Amino acid sequence: MTPQKNAKEPIPDEAAGKAELKGNDSASGFQELLLKVTPPRVSRQLISRPRLLSSAGALRDHVSFAVQAPAGFGKTSLLSQWRREYLALGVVVAWVSAHEADDPRRLAQSLALSVRVAAGRPDFGAELLEAGAPGGTEAMTLFLAELAHAAWNIVLIVDEVDRLPVSSREALIYLLRNTPVNTRIVIAARADCQLDLDDLMDYGKCLAVGADALRFRFEETLELVRTRLGTAVSSDTAARLHELTEGWPLGLQLAVALVSDVSDPDAELDALSKQGGRLREHLVSRLLANLAPADLEFLTRISILDPLHPQLCCVVGEVDDARERLERMSVDTPILIAGEKREWLRMHSLARDALQLQFARLPADQRKALHERAAQWLIAHGHVEPAAWHALEAGQYEQACDLAETSLYEFITTIMTRGRLGVVTEWLAMLPPAALESRPRLLLAAAWAMALSQRDVDAGQLVARVLARPDVDEAVRCECALILSGGALFADDPDRAAGLHAPWPEDPPLRDPLLRQIFANRTAYCTLLEGDPALARLRQQRMSRQAADALPSYLELWGEFHIAMTHVWEIQMQPAERMLRGIQRRAESELARRNPFVCQVAALLAAVLWERDAPVEAINLLANRLDVIEQTALPSCLLLAYRTLASIELARGTEQRALGLLEAMGAAGSARGLERIRILSLCDQVRLHARRYRAQTCADLCVRIDAELDEAMQRHGPLWHRMVAPARALAWAYAAVAARDWERVLEHLEQAEGAARALRMGRVHLEVIALRSLARYRSTGTGDNAMREAIDLAASHGLLRIFEDAHPELGEWARELSTPSPSPEDLPGAMGHAAIALPDTSSVVTGRRTPGSTALTPKEREVLDLLERNLSNKEIGVAMQVGEETIKWHVKNLFTKLNASSRKHVVLRARVLGLLTPGD
């Protein structure tokens, strides 16, 4: 890298520059420092995540940052991204890669040289870079003084701080504590590096960015996959990859790299994400790589625990230093992840799967003993529910039953929150029949599991065994009614649910807060199905307040979910969206992404977002969740999920895929015995074919609807009939639209409106108004005023898709009648306001050219751009309309500032320093 004399354009200051190099300890040492202050190359494929931009609200106002995470979490990539963003804002950005040999003096020299190179100021840090420069704190103080007197804004980035010796780390902390006002400092280290910055963080002067912040969120994973592999990759596949890697950046990059060259990346990713696939093998090898045999054995033993506690791991892992091992591995590897509770950890699912396979190879007696130890420790520390599972695995059936009965409601909560219905069913099947018969409370837990897994008959049999006992009181009868009514609602039998709930309309004989909250949730939902959303909301709020003490957050979220459903029922889309976003955020952080409750919330929120004309977000919400919704969701959520996806496909112009989704919805309804869903699937198919005026197809479908409805009427009550009636009448109305028989359209709409009014279905009522206006407009030329009113109502309720989804002709007419809202500037008396915003830095990783920093003048930056195009001095002078001598002067300044020896070298150095970015 030694500069060579350029014969054509000699550098006047070259001799002085060489002399300055020789003034250091050695030329080779100076060259080594130059390598340390050269920033890494930023990949063109780096994904810019808005929440991690340096200009993001959470990051913008901090003076210093400490980025700490295990290997593979993208610390250096984040620092490189920030460097590019700061350069785009015209800030001098200095980079130092730390090294084990960096004592305080050498660290100060590296920092000084990095600022010199970044700012293009050959005289910066001259005293520090001379032979015999001071060391220790004195060297850092000297560097601070020069920083404070610099006339530019500076960002110092120090990577791999964990490699520094303790004395240098202390010197760096001294620098952080005394940062000048014109300087911002960013450091990165592995999570095990001890940085004494707690007081700075407490006072908001330093922000910690950890592994949780660096993990990819689902939307970011989707962007990564689509950027690297194209839009052919489905959202479902991206969601599976995200869940498989748990947002681990290195794991995602590895997964994408494995399939980057295949012809069908979607199919390849789908295959790799399955158990035993190549992707799992690669990721597990990364997760477990370089583990010592003792650590691997320890992790194998504790893989049966979820979550992990240091004391529990000491007992099960048969070691005395479990805490130290867990702390070390949690910061050195991504295997262990911090849990929600203090001191508790959890294991990466990939690592757990691999380690449990090794655990299964241990001798049976050893496995049994480990489960027994786990159960004993958990019992001693009050964790009864997980203790029951370990006792069962150890073959201690009586103890497992006793524990499950003791913690019945904790057991029920686990059933509902963790989506472990299948495991509970298997667990109960392993017990001797006598164990259940002698424990009525355990029978209740079994009945809860059966009812929530759509096994109504089995739940009814278990409840009957409980009610047949002579010691049954009113509280037990009420709880049995809750179990059976829950099963009835999931089976889409609202009349049976309401009948079971009727004996206790207001004050149930329940003492446990958990059961009282379930009762409140059930009361609100039954009231909603009866067509009174306002009363349902009032009852939910009042009864939830009464049962608010010591409630699991999961049940509170259910209550809020029911309130959000009332808003959707009344087509109050704005408050519904706000509530559902909050519920979704909390539920997904506390439960798994594919948890049944989380998936139901996603289905309802996706429907709201589609009405708000946000199709991309709606699709992302439903990605890799449809199978869970099919099997476990309330019928209404199942209907909304399929209807939303079908509407999106229809809007895209892929009619066959939309029709396939509606047919799949009917099949899902048939599989669960949900006759209403199957009938509504046919009704939606009528709407789809009416868009193309396929009159005969619509008529045939309506005949099928009536036939299935006549058969189902005998098995259902009036509530169920009222819920189907509006859809049936609308289907016949759409069939008349397809035939362009506008008189019959009006007749059927009259029936639909009456049915919708009975249940206060706001959206159906608004759709009826719009269709009636269209029918009158086509038949008599009137109806404009009613349609304008419908447009105004739709806009006020946030329904942006209702007319286009109903019929293309209706959507086109709505657009013709709509007038654009005036902008704030056009309103009388409106006053403009000024806003100061940072430039958009999201493009700095896309390969576009970025502005230079203050190291170069505007003219020098312009000359540098033209040098990159390989223009001569004369051609540059013509382009800039200045003399050739002036251009030579600018070029010489560039040689000096960038420490370059030729025109090509100037361009290369500018690219390395981020002053130029290669075009696409």
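In the predicted model, helix α9 (residues 218-229) packs against helix α10 (residues 235-245) at an angle of about 120°, the two axes lying 9 Å apart. The crossing of α9 and α10 is right-handed. On the α9 side the contact is formed by F218, T221, L222, V225 and R226, and on the α10 side by S235, A238, A239, L241 and H242. Sorted by class, the residues in the contact of α9 with α10 are six nonpolar, three polar and one charged.

An open sheet is built from five strands in the order β2-β3-β4-β1-β5, with parallel pairing. The edge positions are taken by β2 (92-97) and β5 (206-209); each has a single partner strand, so one side of each lacks a neighbour in the sheet. From one strand to the next the twist averages 15°. Within this sheet, strand β1 (residues 64-68) runs parallel to strand β4 (residues 183-189) and is joined to β4 by five bridges. One of the residues involved is S64, whose bridge partner in β4 is I185.

Nonpolar side chains in soluble globular proteins tend to be buried together. The largest nonpolar core in the model holds 141 residues, of which F561, F597, M787, F803 and L810 touch the most other members. Helix α39 (residues 718-738) makes the greatest contribution to this core, with 14 residues. When neighbours within four places in sequence are left aside, L810 is in contact with A770, L771, L774, M787 and F803.

How values were computed
Residues numbered from 1 in each chain as written. Predicted model: local features only at pLDDT ≥ 70, side-chain atom pairs only at ≥ 80, totals over all residues. Heavy atoms only, no water. Pairing = 2+ DSSP bridges. Helix = DSSP H or I, 4+ residues; strand = E, 2+ residues; numbered from the N terminus. Axes fitted to C-alpha atoms, helices over the stretch in contact; angles between N-to-C directions. Core = buried A, V, L, I, M, F, W, Y, C linked by side-chain atoms within 4.5 Å. Buried < 20%, exposed > 50% of the residue type's maximum accessible area, 1.4 Å probe, protein only. Contact = heavy atoms within 4.5 Å. Left-handed = near helix turned anticlockwise from the far one by under 90°. Nonpolar A, V, L, I, M, F, W, Y, C, P; charged D, E, K, R; others polar.
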